[in-house]
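This report is an introduction for a reader new to the structure. Please look over the sequence and the model first.

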Amino acid sequence: MAARGGLFKRKVTSLLLQTRRDSQSGASTSSMAQEDEGLKGPQVVYENTYQLAPKDNQKFPTKKAEDILKNVFLTHLLDSKYNSDTCKNLTTQITETVKTQVKAELGNNNRFKVVVLVMIGANFGQGARVASRCLWYPQYDRFAQYEYHNESLFAVGIVYGVYYE
């Protein structure tokens, strides 16, 4: 029985040591998680403004967006020839340039979602029509468009300014 009691004490002792190690590692993990939460700071909660319409000074600048489209098209496409490989990259570059310039024109405190579509195609004397559809609130939502043609290519750019609450 003495041998059996010694075995029982060893098992209990090893279990106690294991639970101490687990609790120590768990405490260090939870304290690290608490430190990480402390670094984030308090969570910012935004209140609803209940603003359902843009203010008069926050209307979408249709004329300025059209001028931006015209300037970007003329700087990127003037005297260029159509090539499907280069036009694919050029379309992406023009789209990003127009989007950043229109967003800069709107300023930081705006409530417009800016969507830019640019299409470039080969000009072989054919006719082409570009159409798009979306849900629209005509009192607040606006768009601007510009078309560019030369002997080799045509390009159409559309900028949508969709007001969101």
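The model is predicted, so local features need pLDDT of at least 70, side-chain atom pairs count only at pLDDT 80 or more, and totals for chains, interfaces and linings use all residues. Residues are numbered from 1 along each chain as its sequence is written, and side-chain values use heavy atoms, with hydrogens and water left out.

Helices (H or I, at least four residues) and strands (E, at least two) are DSSP runs, numbered from the N terminus. Helix H2 covers residues 62–77. Its buried residues (under 20% relative accessible area, 1.4 Å probe, protein chains only) are Ala 65, Ile 68, Leu 69, Val 72, Phe 73 and Leu 77. They lie on the same side of H2, because they cover an arc of only 125 degrees around the axis, taken from the directions from the helix axis to the C-beta atoms. Lys 63 and Thr 75, on the other side, are exposed (over 50%).

The buried residues of H2 pack against these elements, where contact means heavy atoms within 4.5 Å:

| Element | Residues |
|---|---|
| Helix H3 | 84–106 |
| Strand S1 | 112–122 |
| Strand S2 | 142–149 |
| Strand S3 | 153–163 |

Leaving aside neighbours within four places in sequence, Phe 73 is in contact with residues including Ile 94, Val 118 and Tyr 146. Just after H2, Asp 79 takes a positive phi of about 60 degrees.

S2 and S3 each also supply at least two residues of the lining of the largest pocket (lining residues have an atom within 4 Å of a point; a pocket is an open set of points on a 1 Å grid over the protein atoms alone, where a 1.4 Å probe fits, with protein on both sides within 12 Å along at least five of seven lines). S3 gives the largest share of that lining, four residues.

Terms used:
The expected span of a helix is 1.5 Å times one less than its number of residues.
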